[in-house]
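Student: I am new to this structure. Please show it to me, and then let us work through some questions.

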Amino acid sequence: MTAELVGALGHEHVITDHARRRTYECDGLAAYRVVPGLVVLARHAADVATTVRACATHGVPFVARGSGTGLSGGALPHSEGVLVVTSQMRDIRELDVPDQRAVVDPGVINLQLTAATSGDGHYFAPDPSSQSVCSIGGNVAENSGGAHCLKYGFTTNHVTGLDLVTPAGDRVEIGGKAPDPPGYDLLGALVGSEGTLGIVTAATVRLTRLPQEVRTLLAGFRTIDDAGAATSAIIAAGVIPAAIEMMDALSIEAAEKAVRCGYPHGAGAVLVIELDGHEADVAGEFDDVVRLCEEAGAFEVRVAADDAERALIWKGRKSAFAAVGRISPDYIVQDGVIPRTALPQVLRSITELGDAAGVRVANVFHAGDGNLHPLVLFDGSEPGAVERAEEVAGGILDLCLEHGGSITGEHGVGADKAKHMPRMFTDDDLAVMQAVRCAFDPDTLANPGKIFPTPRLCGERPGRRQGEHPLSEAGVAEVF
């Protein structure tokens, strides 16, 4: 098959050299590493279709990869499969400002689209912390969110159409510029499917009008409980900020060492709150937010006077993940969701988990919608440190589920959290999901080993299996 792809795509776009293939052995979750069997650098949708069609013909698994910034191992390669890299597909095909739509290649960088449309008074609302490097194709695969998803929603709320290469290698168009196309909601199934239903080769997305007014403030609190109380009070008052982000003392320490963000000295937690909209509405909401923060115990409230000060406030939060490298040689980024009102209790429990295991946990999260990003810190050179950190990380997800939450908010399940899926879903739930996957990919060649805890062959009867699964018996799959 290698010769076939080289003949169709050219030597320069098919990587066979082992050292070069190692470049792609992991995504942003470096704890999982697999050298792909072959790497294809796609330039056009036709390249993707040619590659996938060859994989289907020869029964070879394939995995799509964009910028490689994912944090769940969703783009982890298959050792005997083809890694289809779409990062060279970076054309903005169409900007339809009057209809507030854009059609983009999957490799277009998130922030690149905003830069291209801001001059016309629009932007692309989903804003992951990695938005300066992550690709829109990856955002679609993982249903990425970001700081402003509290008010503007996740990627799924901003996609109206997709061009897809199916696992059979066919090119299809789903949706378009219309806001609500008739028929089954295939877009809803595809966004967030983590490359298990095909490879996106173009996306039609909504453009959002730039707000008339934006006001950003930073509030310092002595404790996380006080910051959590302020968050709940703001939402309870009927104010929906564009963003409410929280950082605890340990994550503040890391950010200060990394980018000198100048957050309030002595704060046990800070809130970054951004309000946007009509000038009159923002003015009224701003007064309410400041009052509610002060009533909850804020000892300092700063307001950004201009774009430079706003950027500095956000710099600390946006750099938080990378910044913890200044205070710990290794860390695990977790991604769970809880009801907003459970924040104080869950954060106390996370501290207790870390203390019991001798592991530090820095907390950074989207406080407004309860999406937690605990950073479990450890030194991989210490005996047993990795195991302790992984135990704490898993315990955090258990806490989220105990409080009615989820094992992931925006990072996806990927390879990292597949083993946790049975803790959140029943066997019947997983069987139905697998049935949907098999409808798209009956040969299970698209990103195998992701999302589901054990391989289940298409055609198997759904429901609880009697006796040991043959794949488990053969040592290929593990049952959790």
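**Core, helix and sheet**

Tutor: Start with cysteine 293, which is in contact (heavy atoms within 4.5 Å) with Ala219, Phe221, Ala230, Ile234, Ile273 and Ala298, leaving aside its neighbours within four places in sequence. This is a predicted model: local features need pLDDT of at least 70, side-chain atom pairs count only at pLDDT 80 or more, and totals for chains, interfaces and linings use all residues. Residues are numbered from 1 along each chain as its sequence is written, and side-chain values use heavy atoms, with hydrogens and water left out.

Student: Which residues touch the most other members of the largest nonpolar core?

Tutor: A nonpolar core is a set of buried Ala, Val, Leu, Ile, Met, Phe, Trp, Tyr and Cys residues joined through side-chain atoms within 4.5 Å. Buried means under 20% relative accessible area, exposed over 50%, partly exposed in between (1.4 Å probe, protein chains only). The largest core has 44 residues, and the two that touch the most other members are Phe221 and Cys293.

Student: Which helix gives the most to this core?

Tutor: Helices are DSSP runs of H or I, at least four residues, and strands are runs of E, at least two, numbered from the N terminus. With 7 residues, the top contributor to this core is helix α14 (residues 385-402).

Student: What span should helix α8 have?

Tutor: The expected span is 1.5 Å times one less than the number of residues. Helix α8 (residues 224-236) has 13 residues, and its end C-alpha atoms are 18 Å apart.

Student: How wide an arc do the buried residues of α8 cover?

Tutor: The buried residues are Ile224, Ala227, Gly228, Ala230, Thr231, Ile234 and Ile235. They lie on the same side of α8, because their arc around the axis (directions from the axis to the C-beta atoms) is only 155 degrees.

Student: Which strands stand at the edges of the open sheet of 4 strands?

Tutor: Two strands pair if DSSP finds at least two bridges between them. The order is β1-β2-β4-β3, with mixed pairing. Each edge strand has a single partner, so one side of it is left without a neighbour in the sheet; these strands are β1 (14-15) and β3 (62-65).

Student: Is serine 193 buried or exposed?

Tutor: Serine 193 lies in the loop between α7 (186-190) and β10 (199-206). Not counting residues up to four places away in sequence, serine 193 touches Ala141 and Ile451. Its relative accessibility is 10%, so serine 193 counts as buried.
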